[in-house]
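Biologist: Please take a close look at a single part of this model and go on from there to whatever can be said about the rest. Give the cut-off for each term as you use it.

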Amino acid sequence: MNKGELIASVAEKAGVPKSTADAVVNAVFGAITDALKDGDKVALVGFGNFEVKDRAAREGRNPATGETITIEASKSVAFKASKALKESL
């Protein structure tokens, strides 16, 4: 499912126009993004948790040349599914 399909599904299930569902989906994504940028954890009961994780710098290897390179420290988003979501699958 892509974003357009998600918007269409939300519109159908909520009985609202696609333009309204588009605004709601974008607002939800924006709110989650803003919370993660602020360093907050986003916990959606019955769905799961989003949080920012720090990745330490590490050594890697260029697969084309075999040369050792340094991969800089970075941040990434982690998602952990809730027990209810896991059981529904």
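Modeller: Gly66 takes a positive phi near 80° in the hairpin of β3 and β4, a hairpin with six residues between the strands. The model is a predicted one, where local features need pLDDT of at least 70 and side-chain atom pairs count only at pLDDT 80 or more, while totals for chains, interfaces and linings use all residues. Residues are numbered from 1 along each chain as its sequence is written, and side-chain values use heavy atoms, with hydrogens and water left out.

Strands count as paired if DSSP finds at least two bridges between them; the elements themselves are DSSP runs numbered from the N terminus, helices being H or I with at least four residues and strands E with at least two. Within this pair, Gly60 stands opposite Ile69 in β4. Thr70 also has its place in β4. Thr70 counts as exposed because its relative accessible area is 62%, given that exposed means over 50%, buried under 20% and partly exposed in between, with a 1.4 Å probe and protein chains only. From Thr70 to Ala57, 13 residues apart along the chain, the C-alpha separation is 7.2 Å.

Strand β2, residues 48-55, holds Glu51. Glu51 is partly exposed, because its relative accessibility is 28%. Contact means heavy atoms within 4.5 Å; leaving aside neighbours within four places in sequence, Glu51 has contacts with Leu36, Lys41, Ser76, Val77 and Ala78. Between the C-alpha atoms of Glu51 and Val16, which are 35 residues apart along the chain, there are 31 Å.

Leu36 leads on to the core. Not counting residues up to four places away in sequence, Leu36 touches Val42, Phe50, Glu51, Val52 and Val77. The largest nonpolar core consists of five residues, namely Ile32, Ala35, Leu36, Val42 and Phe50. Helix α2 supplies the largest share of this core, three residues. Such a core is a set of buried Ala, Val, Leu, Ile, Met, Phe, Trp, Tyr and Cys residues joined through side-chain atoms within 4.5 Å. Ala31 is also found in α2 and, with a relative accessible area of 47%, is partly exposed. Ala31 and Val42 lie eleven residues apart in sequence and 9.5 Å apart in space, C-alpha to C-alpha.

Finally, the pocket. Lining the largest pocket are Leu6, Val10, Val25, Val28, Phe29, Ile32, Thr33, Leu44, Phe47 and Phe50. Two or more of these lining residues come from each of α1 (3-14) and α2 (18-37), and α2 gives the most, with five residues. On a 1 Å grid over the protein atoms alone, a pocket is an open set of points where a 1.4 Å probe fits, with protein on both sides within 12 Å along at least five of seven lines, and lining residues have an atom within 4 Å of a point.
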